[in-house]
Every structure is written in C-alpha cells, then in structure tokens.
Amino acid sequence: MIREDPARMEMRIAFPALLRRLPVLALADPDEQVDFRPSSLVYGVHALRVTW
C-alpha cells in the first residue's frame with residue numbers, strides 16, 4: 001500500500017525472512033520478563049534477547 005508507513009512495510013518483509021533463515025530463533029528470556037517501554041509515543045521493548 002502506498003500510504004503504509006515504510007518501516008512497518010519493511011518489518012512485514014524482514015521478520016518472515018529472518019524466521020525462514022533462522023528457524024530455531026527463540027526468545028532467550030520468558031515472555032513475562034520482556035521489558036516494554038512505557039511511552040505511548042513509541043511502543044516497543046527495551047531489549048529483546050534471542051537465541052538460535
């Protein structure tokens with residue numbers, strides 16, 4: 001879509017490609033230990049540790 005945010009469109013392509021190339025990619029910490037940013041402006045995590 002032309003109006004879609006470029007970063008969002010990039011992630012729609014990058015995440016599936018990453019998971020295809022690293023099929024054993026997994027979170028290094030339990031889900032409940034992932035530290036989310038409290039800001040409502042930019043939602044996300046402070047860090048996301050993974051293993052493969």
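**A walk through the model**

Modeller: Let's start with valine 50, which is found in strand E2. Keep in mind that this is a predicted model.

Colleague: Is valine 50 buried, exposed or partly exposed?

Modeller: Valine 50 has 37% relative accessibility, so it counts as partly exposed.

Colleague: Which residues form the nonpolar patch on the surface?

Modeller: Val50 is one of them.

Colleague: New topic. How many salt bridges does the structure hold?

Modeller: The structure holds 1. Arginine 49 forms it with aspartate 29. Their closest N and O atoms are 2.9 Å apart. The cut-off is 4 Å, so the pair qualifies.

Colleague: Why would two such side chains pair at all?

Modeller: Side chains of opposite charge can pair when their charged atoms come close.

Colleague: Where in the chain are arginine 49 and aspartate 29?

Modeller: Both are in the loop between strand E1 (26-27) and strand E2 (50-51). They are 20 residues apart, and the pair links distant parts of the chain.

Colleague: And arginine 49, buried or exposed?

Modeller: Arginine 49 is exposed, because its relative accessible area is 51% and the cut-off for exposed is over 50%. Aspartate 29 has 25% relative accessibility, so it counts as partly exposed.

Colleague: What about aromatic pairs, how many are there?

Modeller: The count is 1 aromatic pair. Phenylalanine 36 and tyrosine 43 form it. The rings are 5.7 Å centre to centre, with 20° between the planes. Stacked needs planes under 30 degrees apart, so this pair is stacked.

Colleague: How open are those two residues?

Modeller: Phenylalanine 36 is partly exposed, at 43% relative accessibility. Tyrosine 43 is exposed, at 65%.

Colleague: Where is tyrosine 43?

Modeller: Tyrosine 43 is in the loop between E1 and E2. Leucine 27 is 16 residues from tyrosine 43 in sequence and 19 Å from it in space, C-alpha to C-alpha.

Colleague: Histidine 46 next. Where does it lie?

Modeller: Histidine 46 lies in the loop between E1 and E2. It counts as exposed, at 52% relative accessibility.

Colleague: What is histidine 46 in contact with, leaving aside its neighbours within four places in sequence?

Modeller: Histidine 46 is in contact with Asp35, Phe36, Arg37 and Pro38. Aspartate 31 is 13 Å from histidine 46, C-alpha to C-alpha, and 15 residues away in sequence.

Colleague: Last one, helix H1. How many of its 16 residues are buried?

Modeller: The number buried is 1, so H1 lies largely in the open.

Colleague: What span should helix H1 have?

Modeller: H1 covers residues 6-21. At 1.5 Å a residue, it should span 22 Å. Its end C-alpha atoms are 23 Å apart, which agrees.

How values were computed: Residues are numbered from 1 along each chain as its sequence is written. This is a predicted model: local features need pLDDT of at least 70, side-chain atom pairs count only at pLDDT 80 or more; totals for chains, interfaces and linings use all residues. Side-chain values use heavy atoms; hydrogens and water are left out. A salt bridge is a side-chain nitrogen of Lys or Arg within 4 Å of a carboxyl oxygen of Asp or Glu. Helices (H or I, at least four residues) and strands (E, at least two) are DSSP runs, numbered from the N terminus. Buried means under 20% relative accessible area, exposed over 50%, partly exposed in between (1.4 Å probe, protein chains only). Rings of Phe, Tyr and Trp (its six-membered ring) pair if their centres lie within 6.5 Å; planes under 30 degrees apart count as stacked, over 60 as edge-to-face and the rest as tilted. The expected span of a helix is 1.5 Å times one less than its number of residues. Patches are made of residues with over 30% relative accessible area and no salt bridge: like charges are joined within 9 Å, nonpolar side chains (Val, Leu, Ile, Met, Phe, Trp, Tyr) within 5 Å. Accessible areas come from the Shrake-Rupley method with a 1.4 Å probe; for residues, only the protein chains shown count as cover. Contact means heavy atoms within 4.5 Å.
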